[in-house]
Amino acid sequence: MIDLQERVNSDHDTVIIPLTPKDLEMNLRALANSFSVNEDFLQSEFKAEKKEIHSFFAKKKVILMGLGENPKIHEIGKFCRSLAFSQRNKLAKSKIAFVLNDSFFEENVLFDAIESLASNFLLAFYELGKLKTENTDKLNIEFAGKLSFVIDTKFYKNAEKAIEKAKILAEVQQKVFDLVNLPANVLDSVVFSEKMQESGMKYGYEVRVFHKEEIEKMGMNLLLAVNQGSHIPPTFTVMEYKPKSEKKLPKVALLGKGVTFDTGGVSIKDSNNMYFMKCDMAGAAAVAGALEAVARLKLPVHLFGIVPSTDNMVSSKAVVPSAIVKSYSGLSVEIIDTDAEGRLILADGLGYIAKNIEPDVIIDLATLTGSCIMALGYAAAGMFTENEELAQKLYNSGQKTGEKVWRLPLWEEYGASLKSDMADIKNLGAPVAGAASAAKFLEKFTQKHSAWAHLDVAGVTFTDNEFGSQRNATAYGVRLLIDYLENL
Ligand code: BES
Ligand code: ZN
Ligand code: ZN
């Protein structure tokens, strides 16, 4: 489906050339000559500015892709996805050659660029309308046209690796899109856990699903409390990837909020756009995606993925505000607001990790608070950690992948409002800085772990974008986590 070639040939009907202004300047004559167009005319029509597209026919269809000065690799990729998406019905039937220019041959960026272009090209063929009866598009990753990269043969070996990685990441991201986009009547906690099991079987990592009875026996009463109003049982999934290795591998645990639908429970949400709350398991979907990607890329890390999952429903059996519940880790929690359910199930997840896994690093991802969206909008996840090294590494990975994080404080002040007169802690803090008090709540269940980071991903996992008319999934977290784990 994706191959490497030395030159554009008669096989190709579409040529895509990404160019910075400098590349354009240096190659103007060659470009004009090879497509038999006038140099001055080309120069006046196309400046290679950021996001500029210029298409023309010269035996083949030629698409010049403007990159602007010093483009970041993830920006090039994102632009490629937009471009391919906007023409995907045509491109699905095309034989496309990406011609990579001089600027890509410096500092090993060539392979990152190939990976980013290829995977984003494939992402453009993601099909949101899988449940439509008359799905005329029927597009998916297999229909992405025939794609080649035109590069020097001496780069083939590394380019092949880059393409392999691109395919894996694009497939994983597409799976994560589905997990998040599918509604809760299709993807409930049980189906979600089955999907994780299938992936583990297919790609050779361990997946154990604890069902309601075992969850009861273990005493994960916070997960059970959130689940109390539902007719669908909760699941608690533990994934483990452990490659064979002589060396001692770093042990990392990822934890994801897996609320398949959040009505708010008895503290019910406004019904305006409540359907967005099918995205409340996006943190867990990213964790599931990361496990699959790490296993398929065979990264040298001993990785755990923990997913407590349930919906948060209203019914006569639902847990009521004022309930006091004993957590897995032993602390009692006064539930003041049943809509602050994410921190409850995560508390049991953190308790499980601290007691049974004892990893070197814990990272949790959760669509936890609207307050985080107030603080950072849709541009970055809120990152809470006291560990400088972990903060720096996650920040770097965010900058590199475009899945940005921005650090917010875990100061003592934010925890003060969680004091309960009746229990060890209550689940609702002050009406201001809600993302920080939520993080302080979680911190209580980490057993003072020295390398824990909480990522509040409420604003970044499910957004308005050009790929749909309604909000849809971004697979935020997959690339961030993979980059972090590659650079441990
Ligand atoms: N799932 C929501 C947070 C959320 C909001 C995710 C918007 C994605 C988009 C979470 O469970 C929630 O309801 N949080 C409350 C907390 C409050 C009750 C302390 C919130 O943010 O309003
Ligand atoms: Zn909620
Ligand atoms: Zn929620």
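**View 1. Four residues hold the zinc ion (ligand 3) in this predicted model.** Lys257 (NZ), Asp262 (OD), Asp280 (OD) and Glu341 (OE) coordinate the zinc ion (ligand 3) at 2.0 to 2.4 Å. Donors here are N, O and S atoms within 2.8 Å of the metal (3.2 Å for Na, K and Ca), and water is not among the atoms, so sites may look incomplete. The six donor atoms make angles of 77 to 171°, and the site comes out octahedral (six donors, opposite ones over 155 degrees apart and all others between 65 and 115).

**View 2. Asp262 sits between two zinc ions.** Asp262 bridges the zinc ion (ligand 3) and the zinc ion (ligand 2), 3.2 Å apart. Asp262 belongs to strand β10 (residues 258-262), while Glu341 is 79 residues away, in the loop between β13 (332-334) and α11 (342-356). Helices (H or I, at least four residues) and strands (E, at least two) are DSSP runs, numbered from the N terminus. Asp262 and Glu341 are both buried, meaning under 20% relative accessible area (1.4 Å probe, protein chains only).

**View 3. Buried residues of α1 pack against β2 (14-19) and α2 (39-45).** The buried set in α1 is Asp23, Leu24, Asn27, Leu28, Leu31 and Ala32. Just past α1, Ser36 has a positive phi of about 50°.

**Notes.** Residues are numbered from 1 along each chain as its sequence is written, and ligands from 1 in the order in which they are written. Local features need pLDDT of at least 70, side-chain atom pairs 80 or more, and side-chain values use heavy atoms, without hydrogens or water.

Key
Buried < 20%, exposed > 50% of the residue type's maximum accessible area, 1.4 Å probe, protein only. Contact = heavy atoms within 4.5 Å. Tetrahedral: all angles 85-135°; square planar, octahedral: opposite > 155°, others 65-115°.
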